[in-house]
Amino acid sequence: MVAYRRLKSPPIVEALIDFRVRLRDAVDGTSLGNVSSEFKKNFPTAQLVRQHAFELKFEAGQAPNQAAPVETLAGVRFDSEAKDRIAIFTLEGFTFSHVKNYSDWGDLKANARSAWAEFSKLAQPREIVRVGMRYINRLQFDTSLQVREIFTAAPSLPPDLPQIMGPFQSRVFFPLPDKMGQGTLTHVLDQSITDEVSVILDIDIFQENTNFDASGDAAWDLLDQFRDQKNSVFFASVTEKALEKYL
């Protein structure tokens, strides 16, 4: 395992916090757009989140009959002026992400808690039933490097095949220590761009059936533990050579 250290230019392209919730009462999805003027100042762009449902009816001896699709307004997506932060308020939960200009965990958590307070005023969640954290890293390297020189557990080809690997995606699930939850680790090799290879290391950590009080700190305390696990997974997944350009 590569030793943990703070990277000068972390290869993070998206970091997000996600809560699935149980509401106290039924809420109209459009009402989630009634944010305060201060929040609107920080997130001036709002877009409705729509869901479409389709129903198929089957009767013996007849072709399936599809009813007209039903559209519902599930919530609202808010974007910052710089398009580097996104807050999504829906009837099912809350998502906050940094999609560029990531600084550190403290900044992400503070911004997410501020947005969560806004969501809570509008949606009145009773419980947080799922807590999730996801970090998507994009690392770019000279095409002369082999995938095994970047990832400690990269997919491999059978030895009798030509050892030329094209684009791939692999995903594994794993349990977290102390029954803290679960995680998925995804490796992706993108198509080559110019003289570089782009690889994705996607770390998704979550716990379901949490039933945390929505007004308490339990979910946020769990996220602090998730952050430590995320770092352990990241540094266990990459080689020293992979980190050279990010130190």
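**Entry 1: the second largest pocket**

I looked up the second largest pocket and found 20 lining residues, with Pro-10, Ile-12, Tyr-102, Lys-230 and Asn-231 nearest its centre. A pocket here is an open set of points on a 1 Å grid over the protein atoms alone, with protein on both sides within 12 Å along at least five of seven lines, and a lining residue has an atom within 4 Å of a point. The volume comes out at about 320 Å³; that is the space filled by probe spheres set on the points, which are joined across faces, edges and corners.

A note on the source: this is a predicted model, where local features need pLDDT of at least 70 and side-chain atom pairs count only at pLDDT 80 or more, while totals for chains, interfaces and linings use all residues. Residues are numbered from 1 along each chain as its sequence is written, and side-chain values use heavy atoms, with hydrogens and water left out.

Which elements each supply at least two residues of this lining? I found strand E8 (125-142) and helix H3 (218-237). H3 has the largest share, five residues. Helices (H or I, at least four residues) and strands (E, at least two) are DSSP runs, numbered from the N terminus.

I also sorted the lining by type: eleven nonpolar, three polar and six charged. Ala, Val, Leu, Ile, Met, Phe, Trp, Tyr, Cys and Pro count as nonpolar, Asp, Glu, Lys and Arg as charged, and the others, Gly among them, as polar.

**Entry 2: the whole protein and its core**

I counted four helices and eleven strands. Of the 247 residues, 41% are buried (buried means under 20% relative accessible area, exposed over 50%, partly exposed in between, with a 1.4 Å probe and protein chains only).

Next I checked the largest nonpolar core, which has 61 residues; Phe-19, Phe-89, Trp-116, Ile-128, Val-131, Leu-223 and Phe-226 touch the most other members. H3 gives the most to this core, with eight residues. Such a core is a set of buried Ala, Val, Leu, Ile, Met, Phe, Trp, Tyr and Cys residues joined through side-chain atoms within 4.5 Å. In soluble globular proteins, nonpolar side chains tend to be buried together.

I followed up Val-131: leaving aside neighbours within four places in sequence, its contacts (heavy atoms within 4.5 Å) include Phe-19, Leu-223 and Phe-226.

**Entry 3: Arg-227**

Arg-227 sits in helix H3. Is Arg-227 buried or partly exposed? I read it as partly exposed, because its relative accessible area is 24%. Not counting residues up to four places away in sequence, Arg-227 touches Tyr-4, Trp-105 and Met-133. Arg-134 is 93 residues away along the chain, yet the two C-alpha atoms are separated by 9.5 Å.

**Entry 4: Ser-80**

I found Ser-80 in the loop between strand E5 (70-79) and strand E6 (85-90). Ser-80 is buried, because its relative accessible area is 1%.

Most residues other than glycine have a negative phi. I noted that Asn-101, not a glycine, has a positive phi of about 60 degrees. Gln-124 is not a glycine either, and its phi is positive at about 55 degrees. Asn-101 lies in the loop between strand E7 (93-98) and helix H2 (105-123), and Gln-124 in the loop between H2 and E8.

Key. 1 Å grid on protein atoms, 1.4 Å probe; cavity = no way out; pocket = protein on both sides within 12 Å on 5 of 7 lines; lining within 4 Å.
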